[in-house]
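Here is a friendly briefing to read alongside the sequence and the 3D view. Please keep both open as you go through the points.

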Amino acid sequence: AAPTIVVDGPSAADASWTAPSQPNGLIHSYVIRYRLFVLSGKPPVVGANVSGAELTARVTGLNPNTDYEFQVIAYNGVGFVESAWQLATTQEGCPEQLEPVVAVQSVDGTQLVLSWTAPLKPNGNIQFYRLYADTVYTVAARKFVY
């Protein structure tokens with residue numbers, strides 16, 4: 001059976017699973033793999049390696065707001081068996097890599113137009129931008145006239 005995945009924030013997930021119903025010997029280890037849900041052509045990544053006595057593992061280093069598939073592989077002395085893949089989406093994270101604000105003064109000098117690009121890594125759905133001056137302004141667009 002596929003593992004149960006509980007997402008724990010924007011960069012971690014906890015996997016749990018049941019032992020194979022017919023292990024055909026002593027299970028000596030489990031490997032938890034993950035891959036991007038979108039077909040990227042990249043091979044799965046090993047997220048955790050635990051002993052055969054454990055039925056849970058934590059996978060870290062994931063990207064925020066990203067769809068992943070997870071799989072458990074059980075190993076005994078002569079071979080292995082793979083579970084089905086389980087889909088999970090990490091939570092949103094804080095935006096990263098915001099470019100500087102561009103300020104352009106109007107021709108008559110009475111207004112200042114502020115504009116900016118979206119963060120290079122939004123890590124989720126941008127809901128609004130907050131500008132700080134003598135007052136706090138909350139705007140949905142990426143342009144503001146002051």
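The notes below cover salt bridges, a pocket, a surface patch, backbone angles and some distances.

This is a predicted model, in which local features need pLDDT of at least 70, side-chain atom pairs count only at pLDDT 80 or more, and totals for chains, interfaces and linings use all residues. Residues are numbered from 1 along each chain as its sequence is written, and side-chain values use heavy atoms, with hydrogens and water left out.

**Salt bridges**

- The structure holds 4 salt bridges; the term stands for a side-chain nitrogen of Lys or Arg within 4 Å of a carboxyl oxygen of Asp or Glu.
- Side chains of opposite charge can pair when their charged atoms come close.
- One of the salt bridges joins R58 to D8, with 2.8 Å between the closest N and O atoms. This pair links distant parts of the chain, 50 residues apart: R58 sits in strand 5 (residues 56–60), and D8 in the loop between strand 1 (4–7) and strand 2 (12–16). Strands here are DSSP runs (E, at least two residues), numbered from the N terminus.
- R58 also forms a salt bridge with D14, again with its closest N and O atoms 2.8 Å apart. Because D14 lies in strand 2 and R58 in strand 5, the pair ties together parts that are 44 residues apart in sequence.
- Buried means under 20% relative accessible area, exposed means over 50%, and partly exposed lies in between (1.4 Å probe, protein chains only).
- R33 and E82 form another salt bridge, with the closest N and O atoms 4.0 Å apart. Here R33 in strand 3 is linked with E82 in strand 7, 49 residues apart, and E82 is partly exposed at 43% relative accessible area.

**The second largest pocket**

- Rolling a probe the size of a water molecule over the atoms shows where empty space is left.
- The second largest pocket has a volume of about 190 Å³. On a 1 Å grid over the protein atoms alone, a pocket is an open set of points where a 1.4 Å probe fits, with protein on both sides within 12 Å along at least five of seven lines, and lining residues have an atom within 4 Å of a point. Grid points are joined across faces, edges and corners, and the volume is the space filled by probe spheres set on the points.
- Its lining is made by A1, W17, T18, A19, P20, Y30, V72, A74, V81, E82 and S83. Strand 6 (67–75) and strand 7 (80–82) are the elements that give two or more residues to this lining.
- Which classes make up the lining of the second largest pocket? There are 8 nonpolar, 2 polar and 1 charged residues, where Ala, Val, Leu, Ile, Met, Phe, Trp, Tyr, Cys and Pro count as nonpolar, Asp, Glu, Lys and Arg as charged, and the others, Gly among them, as polar.

**A nonpolar patch and a loop**

- F37, V38 and L87 make a nonpolar surface patch of about 280 Å². Patches consist of residues with over 30% relative accessible area and no salt bridge, nonpolar side chains (Val, Leu, Ile, Met, Phe, Trp, Tyr) being joined within 5 Å and like charges within 9 Å. Accessible areas come from the Shrake-Rupley method with a 1.4 Å probe, and for residues only the protein chains shown count as cover.
- V38 lies in the loop between strand 3 (29–36) and strand 4 (45–51) and is exposed, at 59% relative accessible area.
- K42 lies in the loop between strand 3 and strand 4 and is exposed, at 61%.

**Positive phi angles**

- Most residues other than glycine have a negative phi.
- N65 has a positive phi near 50°; N65 is in the loop between strand 5 and strand 6 and is partly exposed, at 40%.
- N123 has a positive phi of about 55°. N123 is in the loop between strand 10 (112–115) and strand 11, and is buried, at 9%.

**Distances**

- K42 and R58 are 16 residues apart along the chain, and their C-alpha atoms are separated by 22 Å.
- R130, in strand 11 (residues 129–132), is partly exposed at 42%.

Key. Helix = DSSP H or I, 4+ residues; strand = E, 2+ residues; numbered from the N terminus.
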